[in-house]
Amino acid sequence: MSQNIRPRRNFYGRLKGKTLKQSQKGYLEEDLMALSPGPVTWDENPGRTPLDLKARFDGKPVWLEIGFGGGEHMVHQAQQNPDIGLIGAEPYINGVAMLLGKIRRAGTDNIAVHAGDVRDLFDVLPENAIDRAFLLYPDPWPKTRHHRRRFVTREHLEPLAQVMKPGALFRVATDIEDYVRQTLEEVPRYGFDWLVERPQDWRDPWDDWISTRYEQKALREGRTPHYLTFQKT
């Protein structure tokens, strides 16, 4: 397939939920464009020219969060790591609006936001550009016939591997045991090693972890979080 032929990609999941508050509409209208990582969509960038991340983040290492939910983890990491740049990809516009509000309140200036499909972002990220990636409580797609919709499939993992640097870390958090199984089966196939020596390595959260609203819901409902760390070879 030619690089410049737009692929046919099915999208599953919600793009919008409850009616946005007036303040959230303001965040989207006033802040989103300025926080773009660059031209990502096919309409903006039909030639799929790679993004200039060095210019966007002044040469800082770049981290990527895939599906950032309400954005609490992204803002936490941005505050704790001002010497890195973060890109978040999230198609759910309510979550994008929540993140923009958190960015305003926190005053962080090292976050870029792609309000859309991460596969479009993968198209234009340079190879070996990402130093760390996060996949935190992704949509579980629990029905067996829907497992192909999960992120941990070739369609997503192959381009993720291409944009991550050798030695880069990929963190996955989920409370769904079958998602853990599929993650451990699929991720190593694309050039990642699972970093584990003892049960605490997947039972205990990372030292810099902040519990998200999705995790709190899982705990309330009696599900056990798993914290998986992989390293790009």
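Arginine 171 is buried, with a relative accessible area of 8%, and in this predicted model its side chain forms a salt bridge with aspartate 208, the closest N and O atoms being 2.8 Å apart. Because arginine 171 belongs to strand E5 (residues 164-174) while aspartate 208 sits in the loop between helix H8 (200-203) and helix H9 (213-220), the pair ties together parts that are 37 residues apart in sequence. Aspartate 208, for its part, is partly exposed, at a relative accessible area of 23%.

A salt bridge within a helix is formed by glutamate 185 and arginine 181, whose closest N and O atoms are 2.9 Å apart; the two residues are four residues apart in helix H7 (residues 177-186), so about one helical turn separates them. Glutamate 185 counts as partly exposed at 39% relative accessibility, and arginine 181 is likewise partly exposed, with a relative accessible area of 35%. Both residues also take part in a network of salt bridges that links Arg150, Asp178, Arg181 and Glu185.

Aspartate 117 and arginine 119 form a further salt bridge, and both of these residues are buried.

| Aspartate 117 | Arginine 119 | 2.7 Å |

With a salt bridge taken as a side-chain nitrogen of Lys or Arg within 4 Å of a carboxyl oxygen of Asp or Glu, the count for the model comes to 16 salt bridges.

Conventions
Residues numbered from 1 in each chain as written. Predicted model: local features only at pLDDT ≥ 70, side-chain atom pairs only at ≥ 80, totals over all residues. Heavy atoms only, no water. Buried < 20%, exposed > 50% of the residue type's maximum accessible area, 1.4 Å probe, protein only.
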